[in-house]
Amino acid sequence: MSKFCQSCGMPLEESTHGTEASGALSEKYCHLCYENGQFIEPDITYDQMLARGKKGIAEGSGSGIGKFFLSTFYPFQLKKLDRWKK
């Protein structure tokens, strides 16, 4: 099973990891959410992240039906990520 950013849900691949303060690759967060051991946008809300993710899905590549399913299930995925668990 692939790992996903625990902030936005993006698949974590070798080229997408954020960095820790030490410069090591983050095992939990992507480069769009986390750099130098800190969240890039520490005050972003769940609703703002949800809107950003849905926009990214809509603007990304892939089929219309694939985008539909990704967009539909994205809120459920996002709620399960470490940053948004309550």
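Contact here means heavy atoms within 4.5 Å. The model is predicted: local features need pLDDT of at least 70, side-chain atom pairs count only at pLDDT 80 or more, and totals for chains, interfaces and linings use all residues. Residues are numbered from 1 along each chain as its sequence is written, and side-chain values use heavy atoms, with hydrogens and water left out.

**Gln 6**

Gln 6 sits in the segment before strand 1 (17-19). Helices (H or I, at least four residues) and strands (E, at least two) are DSSP runs, numbered from the N terminus. Leaving aside neighbours within four places in sequence, Gln 6 is in contact with Lys 28, Tyr 29, Lys 80, Leu 81, Asp 82 and Arg 83. Gln 6 counts as buried, at 17% relative accessibility. Buried means under 20% relative accessible area, exposed over 50%, and partly exposed in between (1.4 Å probe, protein chains only). The side chain of Gln 6 also reaches the backbone oxygen of Phe 4 at 3.1 Å.

**Salt bridges**

A salt bridge is a side-chain nitrogen of Lys or Arg within 4 Å of a carboxyl oxygen of Asp or Glu. By this rule there are four salt bridges. Among them are these:

| Pair | Closest N and O atoms |
|---|---|
| Lys 28 and Asp 82 | 2.9 Å |
| Arg 52 and Glu 41 | 2.5 Å |
| Asp 82 and Lys 85 | 3.8 Å |

Shared partners join Lys 28, Asp 82 and Lys 85 into one network of salt bridges. Lys 85 is exposed, with a relative accessible area of 52%. Lys 28 is partly exposed at 37%, and Asp 82 is partly exposed at 34%.

**Core**

A nonpolar core is a set of buried Ala, Val, Leu, Ile, Met, Phe, Trp, Tyr and Cys residues joined through side-chain atoms within 4.5 Å. The largest one has 16 residues, and those with the most contacts inside it are Cys 5, Cys 8, Met 49, Tyr 74, Leu 78 and Trp 84. Strand 2 (25-30), helix 1 (46-59) and helix 2 (64-80) each supply at least two residues of this core. Helix 1 gives the most, with four residues. Beyond four places in sequence, Met 49 is in contact with Ser 7, Cys 8, Cys 33, Ile 44, Tyr 74, Leu 78, Arg 83 and Trp 84.

**Phe 76**

Phe 76 is in helix 2. Phe 76 counts as exposed, at 53% relative accessibility.

How values were computed
Polar contact = N/O pair within 3.5 Å; in protein donor to acceptor, adjacent residues only side chain to side chain.
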